[in-house]
Amino acid sequence: MRVAVVGAGLMGAQIGCEYALGGHEVAVVARRPEVARQRIGETFRLAVDLELAPAETAAAAERRLSVDQRLSDVAGEVELVVESVDERLADKVAVLGEAAGRFPAAVLASNTSSLSIDAI
């Protein structure tokens, strides 16, 4: 399965790494790709340090993960879009609306913790 994770704060980076460790191709979408790459690298190192994944598994997962600055930059089709932006309703609605237009066959998911999924 190909996954796009939109929003590469610490939570978004970790979500992307989890999917990649699970064997999926992942595109992480971040306003600041260099910061996202740093967080992703730290997350994989932590997984190895805590013995959650062997180094070879983490390295293979990192190769399955790409970073893009915009959702429109993500190449190919995506089956799952996970939104992980700040807890602002308008931002979440905008991201998921764009994702629905860009990947109409994809399942859309939100990583909200305080907003009503019905409102989103």
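Guide: Helices in this text are DSSP runs of H or I with at least four residues, and they are numbered from the N terminus. The model is predicted.

Visitor: Which residue follows α2, with a positive phi?

Guide: Helix α2 covers residues 33–49, and a loop lies between α2 and α3. The residue in question has a phi near 60°. That residue is E51.

Visitor: In what order do the elements of the chain run from the N terminus on?

Guide: The chain has four helices and five strands. Read from the N terminus on, the order is β-α-β-α-α-β-β-α-β.

Visitor: What is the radius of gyration of the chain?

Guide: The C-alpha trace spans about 40 × 30 × 25 Å along its principal axes. For 120 residues, a compact globule would have a radius of gyration near 14 Å. The chain agrees with that, because its own value is 14 Å.

Visitor: What share of the contacts with a separation of 6 or more comes from residues 24 or more positions apart?

Guide: Buried residues make up 38% of the 120 residues in the chain. Among contacts with a separation of 6 or more, the share from residues 24 or more positions apart is 68%.

Visitor: How far does α2 reach from its first C-alpha to its last?

Guide: Helix α2 has 17 residues. At 1.5 Å a residue, 24 Å is expected. The reach in the model is close to that, at 24 Å.

Visitor: Is T43 buried or exposed?

Guide: T43 sits in helix α2. Leaving out residues up to four places away in sequence, T43 touches Q14 and C17. The cut-off for a buried residue is under 20% relative accessible area. T43 has a relative accessibility of 15%, so it counts as buried.

Visitor: Is L52 buried or exposed?

Guide: L52 lies in the loop between α2 and α3 (55–63). A residue counts as exposed when its relative accessible area is over 50%. The value for L52 is 67%, so this residue is exposed.

Terms used. Residues numbered from 1 in each chain as written. Predicted model: local features only at pLDDT ≥ 70, side-chain atom pairs only at ≥ 80, totals over all residues. Heavy atoms only, no water. Helix = DSSP H or I, 4+ residues; strand = E, 2+ residues; numbered from the N terminus. Buried < 20%, exposed > 50% of the residue type's maximum accessible area, 1.4 Å probe, protein only. Contact = heavy atoms within 4.5 Å. Expected span 1.5 Å × (residues − 1). Rg over C-alpha atoms; globule rule 2.2 N^0.38 Å.
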